Protein chains: 2
Amino acid sequence: VAKKEGAAIVTRQAVDKILDAIAFDDAGLVPAIAQRHGTGEVLMLAWMNRDAVRATLESSDVTYWSRSRQKLWRKGESSGHTQRLIALRIDCDGDALLLEVEQAGPACHTNRANCFFRLATEDGLAMTSEPIED
Amino acid sequence: VAKKEGAAIVTRQAVDKILDAIAFDDAGLVPAIAQRHGTGEVLMLAWMNRDAVRATLESSDVTYWSRSRQKLWRKGESSGHTQRLIALRIDCDGDALLLEVEQAGPACHTNRANCFFRLATEDGLAMTSEPIED
């Protein structure tokens, strides 16, 4: 297997240091923002536990914790719409992550490019994008 | 008082429709990502309750719920580093908000431009920005 670009985090010691800097909440989770590499488009917000952060750093395949299914969820494992990690950043308080990713296909389960397609307007909410055709 | 650009949400009915689309968590909160208008820079992640969303939409002054102080927190109320709302978007599941803002000064309480200044590296964490001089 060729080393993937961006798969920079390899040692267990480095991952442990990074995990130590994250303030997981009472449920053991931290919110993670996925942002498209190169454009800055915010794609989605999901949640990670320690195992998800470790899997993401060790494989560069972005992996979340599914709160609905209560299991690790490698993004794209069923849809093919994977996220390859370019960079992971931790905020000042350690209670939020920012992931720079290369997104394959639409990020949203509605088949839209990103999840933030409902815009607040004077009339309530407006839909600002349509599902991408397969 | 001149009408501020971006202060488009004014009616109580519109705000009620928007609030109805948000899935607040068991603590009555929703995570809100603040992104700089024009550049796409992700500035910070904070939390909003219903009153914070309402205050933000009605005033265009971004207002969060401070979990540490357990009170509404108009961003910049003490620092002057305010956020003016340009657009508010709700994600597919209604459990995350994306705020497009005009940020006055540094967004981070450490006086950095944004809160995500700790980058995961092979050696652990690297600091990627310095506090802005006053």
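Modeller: The side chains of B:Asp95 and A:Arg67 meet in a salt bridge, at 3.2 Å from N to O. This is a predicted model, in which local features need pLDDT of at least 70, side-chain atom pairs count only at pLDDT 80 or more, and totals for chains, interfaces and linings use all residues. Residues are numbered from 1 along each chain as its sequence is written, and side-chain values use heavy atoms, with hydrogens and water left out.

Biologist: Why is the meeting of B:Asp95 and A:Arg67 called a salt bridge?

Modeller: The term asks for a side-chain nitrogen of Lys or Arg within 4 Å of a carboxyl oxygen of Asp or Glu; the pair of B:Asp95 and A:Arg67 has N to O at 3.2 Å, and therefore qualifies. Across the interface of chain B and chain A, the rule finds 2 salt bridges.

Biologist: What makes residues of chain B and chain A count as being in contact?

Modeller: Contact means heavy atoms within 4.5 Å, and by this rule 42 residues of chain B are in contact with 42 residues of chain A.

Biologist: How do you know what area chain B and chain A bury between them?

Modeller: Buried area is the accessible area (1.4 Å probe) that two parts lose on being put together, summed over both; for chain B and chain A this gives about 3400 Å², with 66% of it on carbon and sulfur atoms. In chain B, the residues that lose the most area to chain A are B:Cys92, B:Phe116 and B:Arg118, together 19% of what that side buries.

How values were computed: Chains lettered and ligands numbered in written order.
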